[in-house]
Amino acid sequence: MLGLIFGLIRLYFGLGILFGLVLFTATIYRGYVADPPVADVTDVIVDALVQGLFRIFLWLPTLWNDVLNGGRPFLDWLLGV
């Protein structure tokens, strides 16, 4: 039973890390490649890092609220658009 709980925790944080990395790289991309760089480098990196860290821990509640209940497309949620 304890192994099942630890497996679920690993799965939750494993997916959270994956989703956080995707959001981090999408924010960096949007800040410097897709849009002209208007902000300082550290501002964009810190903003992307904070968003990615929050996504690691809160991916399931935000996925539930935004995609399943809110009707937002999954790809928009994943990339933070």
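I looked up Arg55 first. Leaving aside neighbours within four places in sequence, Arg55 is in contact (heavy atoms within 4.5 Å) with Gly16, Phe19, Gly20, Leu23, Thr62, Trp77 and Leu78. This is a predicted model: local features need pLDDT of at least 70, side-chain atom pairs need 80 or more, and totals for chains, interfaces and linings use all residues. Numbering runs from 1 along each chain as its sequence is written, and side-chain values use heavy atoms, without hydrogens or water.

I then checked the charge. Arg55 is buried (under 20% relative accessible area; exposed is over 50%, partly exposed in between; 1.4 Å probe, protein chains only) yet has no salt bridge. A salt bridge needs a side-chain nitrogen of Lys or Arg within 4 Å of a carboxyl oxygen of Asp or Glu. The nearest side chain of opposite charge, Asp66, is 6.1 Å away. The charged end of Arg55 sits over the ring of Trp77, 4.1 Å from its centre; the cut-offs are CZ of Arg or NZ of Lys within 6 Å of the centre and within 35 degrees of the ring normal.

Next I took the rings. I found seven aromatic pairs (centres within 6.5 Å; planes under 30 degrees apart are stacked, over 60 edge-to-face, the rest tilted). Phe13 and Phe57 have centres 5.8 Å apart and planes at 75°, so they are edge-to-face. Phe19 and Trp77 are also edge-to-face, at 5.4 Å and 80°. Phe19 is buried at 11%, and Trp77 at 1%.

Definitions and conventions. Lys, Arg positive; Asp, Glu negative; His and termini not counted. Phe/Tyr/Trp six-rings, centres within 6.5 Å; stacked < 30°, edge-to-face > 60°.
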